[in-house]
Amino acid sequence: MSIATASPEQRAAELEARIRQAPDRFRVMTGDRPTGSLHLGHYFGTLHNRVRLQELGVDVFVIIADYQVLTDRDVADRLGEYMEGMLLDYLAIGIDPARSTVFNHSAVPALNQLMLPFLSLVSVAELNRNPTVKDEIAHSRQSAVSGLMFTYPVHQAADILFCKGNLVPVGQDQLPHLEVTRMVARRFNERYGAVFPEPDALLSDAPLLLGTDGTKMSKSRGNSIALGADADETARLIKGAKTDAERYITYDPENRPGVASLVLLAALCLGREPHAVAEEIGGGGAAVLKRTVTEAVNSRMAPVRARRAEYARDMGYVRSVLRDGNERANEIAAATLEEVRGVMGGGL
Ligand code: TRP
């Protein structure tokens, strides 16, 4: 079957098979905005998968998307602190700097320069249609929409294409951005000659974890359990989590989102089915549910937290990981920019 006509599930399965067959043909490109601490939603949604791909032998690039912080806020607050926190998280979960490359936007000028030719390949109408950008504009705290908010999907195309990434593990919300990347690659190749791959999305099948307030777990909403949280903080956060008045615990995401999300979190940590976990708790009610979740999170995350604390004692090393990653990213970006200028010609 052609990969273009398959359903998302078939596509994912086919990609997985191809990755296993020839991991060295893939370059994964993914990343995070440093707007807060990475949390359990990130861990089960994407972080875990990056390490899995790394272990399969795929070349993994992780961008700390610092310029992208400015899409929906005026200044990048506490940027250094968040970036160091992310580096610690990546190392703690098992990203291995000897095999994977961690870098940040603002340290790689040639990557950013690619944005200019890329911007020339998309129309304002196309930028205007991006549903994720529309949604972010609707939720933005800013009174005016900045040009960066409008164009950052093209910047993200530069993130992916500078290193010729061909596999992008993403959640549903990032799919429109990947379409922009594919369009930019296709049009660039048509206009100037074949330089870029058209990357595939590797859609995460992880179910959505809600925050402790029953809405989407988010870095900046104060409703998340950070990877770096300790056992006591975890217990406190889960104790305060929203449940409901019904005593008997069931797994019913539609009608009981708060309870279901706690059940799901326990199930993910224990590697079990959420229905089985709910059934076992049953009449134990919210108190037993919360105790179960707290124990499950704390025991699952204990090794990650221990490694995180260990790395935190050697911040010199942690910073050197980013320095080395940036050096590699700069070499690759410079080579790609050189190639781009070569095919574009005329001194551009
Ligand atoms: N926009 C992504 C997010 O908010 C972060 C990101 C920046 C990214 N550049 C990327 C993801 C390139 C994948 C590829 O999560």
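Predicted model: local features only at pLDDT ≥ 70, side-chain atom pairs only at ≥ 80, totals over all residues.
Modeller: Residues are numbered from 1 along each chain as its sequence is written, and side-chain values use heavy atoms, with hydrogens and water left out.

Biologist: How many helices and strands does the secondary structure of the protein have?

Modeller: Helices (H or I, at least four residues) and strands (E, at least two) are DSSP runs, numbered from the N terminus. Here there are 14 helices and five strands.

Biologist: Which residues of helix H10 are buried?

Modeller: Buried means under 20% relative accessible area, exposed over 50%, and partly exposed in between, with a 1.4 Å probe and protein chains only. In H10, residues 231–239, the buried ones are Thr234, Leu237 and Ile238. They line one face of the helix, because they fall within an arc of 95 degrees when seen down its axis; the arc is that of the directions from the helix axis to the C-beta atoms.

Biologist: Why would residues three or four places apart point the same way?

Modeller: An α-helix has 3.6 residues a turn, so such residues point the same way. On the face of H10 turned away from the buried side are the exposed residues Asp232, Arg236 and Lys239.

Biologist: What covers the buried residues of H10?

Modeller: A contact means heavy atoms within 4.5 Å. The cover includes helix H11 (257–270) and helix H13 (285–312).

Biologist: Which residue caps the N-terminal end of H10?

Modeller: A polar contact is a pair of N or O atoms within 3.5 Å; within protein, one must be able to donate a hydrogen and the other to accept it, and residues adjacent in sequence count only if both atoms are side-chain atoms. Aspartate 230 is the cap, with a side-chain oxygen 3.2 Å from the backbone nitrogen of aspartate 232.

Biologist: What surrounds the ligand?

Modeller: A residue is near a molecule if one of its heavy atoms lies within 4 Å of it. Among those around the ligand are Met29, Arg33, Asp159 and Val168. A polar side-chain atom of glutamine 68 is 2.8 Å from a ligand nitrogen, and one of glutamine 174 is 3.1 Å from a ligand nitrogen.
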